[in-house]
Amino acid sequence: MKLLNIALLQTAPCNTLEQNLEKGIRNCTRAKEMGADIALFPEMWSNGYRIYDRPVSEWKAEAVSADSDFVKAFGSLARTLHMAIGITLLEKYGDAPRNSLILFDRFGERKMIYAKVHTCDFDVERNLTPGEDFYVTALDTACGEIKVGAMICYDREFPESARILMLKGAELILVPNACPMEINRLSQLRARAYENMTAIATCNYPEAVPDCNGGSSIFDGVAYLPELEHSRDTCILQADGKEGIYMAGLDVEQLRSYREKEVHGNAYRHPGKYGLLVDTKIAAPFVRQDYRE
């Protein structure tokens with residue numbers, strides 16, 4: 001049985017783009033030495049998600065383009081290491097940058113640029129440009145092809161994010177993160193994996209970073225196995241708060257077999273009855289109505 005090894009780079013950022021590039025290269029190289037097939041960074045690695053308690057104009061100036069030397073370096077590294085890399089950045093995008101993930105396959109080909117759809121508009125992220133859609137790509141790995149999608153941090157708070165990715169065929173969802181991963185947020189990830197029969201890998205910053213606490217995780221989405229009398233724990237990795245590279249192996253064939261037989265995901269949905277979910281004219285009682293199209 002060949003497992004897909006996913007490395008979560010739960011490490012603290014440095015003070016400059018150049019230092020983050022150097023440390024990121026070291027982390028990826030170490031992950032490959034550990035046997036990783038995919039390496040994932042925390043949210044906005046290019047500047048360490050340092051957008052709080054600073055002038056907006058200051059951190060906006062730190063945005064880098066998707067074709068910058070910083071990003072290209074990780075594409076070249078992916079090809080050299082023969083390992084997929086999910087690098088995160090404050091992406092230069094018109095007058096308002098985006099919070100983005102760029103996924104390179106093991107041949108150094110750019111497979112996806114995903115920009116965070118659910119920006120935290122209740123706070124400083126209102127100065128970002130939200131992404132337009134959720135994407136799924138076929139990622140070639142040493143274990144064969146796997147369908148990969150992405151969410152970023154606050155996207156996790158909306159069941160629709162993972163549900164759309166599942167409907168588009170995602171088997172694995174990569175989730176860069178930058179916030180405290182307490183029991184409720186971890187429960188959200190567990191639920192998204194369970195209800196969609198989808199593996200979810202989340203990489204957070206360690207506890208040494210303000211307002212973060214590590215807790216990076218991988219849920220494999222397989223709740224039941226024929227040989228087990230009861231349900232199983234879908235969490236195959238739960239990091240502590242320390243800085244480090246945390247890795248677990250995902251049994252992709254087991255996940256696919258499970259999806260063919262179980263009742264979750266798309267098996268018994270009634271989409272014709274869900275119209276209210278996309279009706280922005282309906283005001284729910286006692287709930288803020290801060291829609292952003």
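Which residues does Phe-104 touch, not counting residues up to four places away in sequence? The first view answers this. The model is predicted: local features need pLDDT of at least 70, side-chain atom pairs count only at pLDDT 80 or more, and totals for chains, interfaces and linings use all residues. Residues are numbered from 1 along each chain as its sequence is written, and side-chain values use heavy atoms, with hydrogens and water left out.

**View 1. Phe-104 and the residues it touches.** Phe-104 belongs to strand E4 (residues 98-104). Helices (H or I, at least four residues) and strands (E, at least two) are DSSP runs, numbered from the N terminus. Phe-104 touches Val-71, Phe-74, Gly-75, Ala-78, Ala-84, Ile-85, Ile-87, Glu-109, Arg-110 and Leu-139. Contact means heavy atoms within 4.5 Å. With 6% relative accessibility, Phe-104 counts as buried. Buried means under 20% relative accessible area, exposed over 50%, and partly exposed in between (1.4 Å probe, protein chains only). Tyr-114 is ten residues from Phe-104 along the chain, and their C-alpha atoms are separated by 12 Å.

View 2. His-118 sits in the loop between strand E5 (110-115) and strand E6 (136-141). It is buried, at 19% relative accessibility. Its side chain makes a polar contact of 2.8 Å with the side chain of Asp-155. Another polar contact, of 3.4 Å, links the side chains of His-118 and Ser-161. A polar contact is a pair of N or O atoms within 3.5 Å; within protein, one must be able to donate a hydrogen and the other to accept it, and residues adjacent in sequence count only if both atoms are side-chain atoms.

View 3. In H4 (residues 159-167), Ser-161, Ala-162, Leu-165 and Met-166 are buried. An α-helix has 3.6 residues a turn, so residues three or four places apart point the same way. The buried residues of H4 pack against E6, strand E7 (144-150), strand E8 (172-176), helix H5 (183-196) and H6. Gly-169 follows H4 and has a positive phi, near 105°.

**View 4. Asp-140 and Arg-106.** Asp-140 is in strand E6. At 33% relative accessibility, it is partly exposed. The side chains of Asp-140 and Arg-106 are joined by a polar contact of 2.5 Å. Not counting residues up to four places away in sequence, Asp-140 also touches Asp-105, Phe-107 and Glu-145. His-264 is 124 residues from Asp-140 in sequence and 26 Å away in space, C-alpha to C-alpha.

**View 5. Positive phi at Tyr-49 and Met-197.** Most residues other than glycine have a negative phi. Tyr-49 has a positive phi of about 55°. It lies in the loop between strand E2 (38-40) and helix H2 (56-60). Tyr-49 is buried, with a relative accessible area of 12%. Met-197 has a positive phi of about 50°. It is placed in the loop between H5 and strand E9 (199-203). Met-197 counts as buried, at 4% relative accessibility.
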